[in-house]
Amino acid sequence: MQPVVVAPTVPGDPRGHAPAVDSAPGERFESDARGGQPTVRCPYCDRPFRRTRYESLHRGLEHSGRLSDRERAAAERAARTEQAAYRRVRLYALATLVSLYFGLLIVAAFVV
């Protein structure tokens, strides 16, 4: 029996984190000329990222004290985009729960 690898580490990543993934399993991502390597790397810790947005978020969270004004603005834009996406998911979840509740309530009214 072979061991299962959940999140492979990336060479050069001291913390053992896998790069952020924003694609479906099996979907290819844009890579540089080396073939298969992520396109964006953090300039401070050299951690690889598959999307520029992820790299901006990482810099804003991990290296906030070292950022220039331009980098800080990019990190804030990326954070606002992420917050909007989270809010949209929460609203969809709430709408689904409310619909399910009232749907079951109506079914129960007709059955009983």
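1. Glu-55 and Arg-59 are both buried in this predicted model. Their side chains form a salt bridge, with N and O 2.6 Å apart. The two residues are four apart in helix α1, so about one helical turn separates them. Salt bridges with shared partners bring Glu-71 into one network with Glu-55 and Arg-59.

2. Helix α1 covers residues 52-62, and its buried residues also include Tyr-54, Ser-56, Leu-57 and His-58. Among the elements that cover the buried residues of α1 are β1 (40-41), β2 (48-49) and α2 (69-111).

3. Glu-82 is buried, at a relative accessible area of 17%, whereas Arg-53 is partly exposed at 31%.

4. Arg-41 and Asp-46 also pair through their side chains, with an N to O distance of 3.9 Å; the salt-bridge cut-off is 4 Å. Both ends are partly exposed: Arg-41 has a relative accessible area of 28% and Asp-46 one of 43%. Over the whole structure, the search returns four salt bridges.

5. On annotation, the unreviewed UniProt entry places a "domain: C2H2-type" feature at residues 42-63. That span is 50% helix and 9% strand, with its end C-alpha atoms 10 Å apart. The unreviewed entry also puts a "transmembrane region" at residues 91-111. Residues 91-111 are 100% helix and 0% strand, and their end C-alpha atoms lie 30 Å apart.

Conventions:
Residues numbered from 1 in each chain as written. Predicted model: local features only at pLDDT ≥ 70, side-chain atom pairs only at ≥ 80, totals over all residues. Heavy atoms only, no water. UniProt positions renumbered as here; feature names shortened; annotations may be inferred. Buried < 20%, exposed > 50% of the residue type's maximum accessible area, 1.4 Å probe, protein only. Contact = heavy atoms within 4.5 Å.
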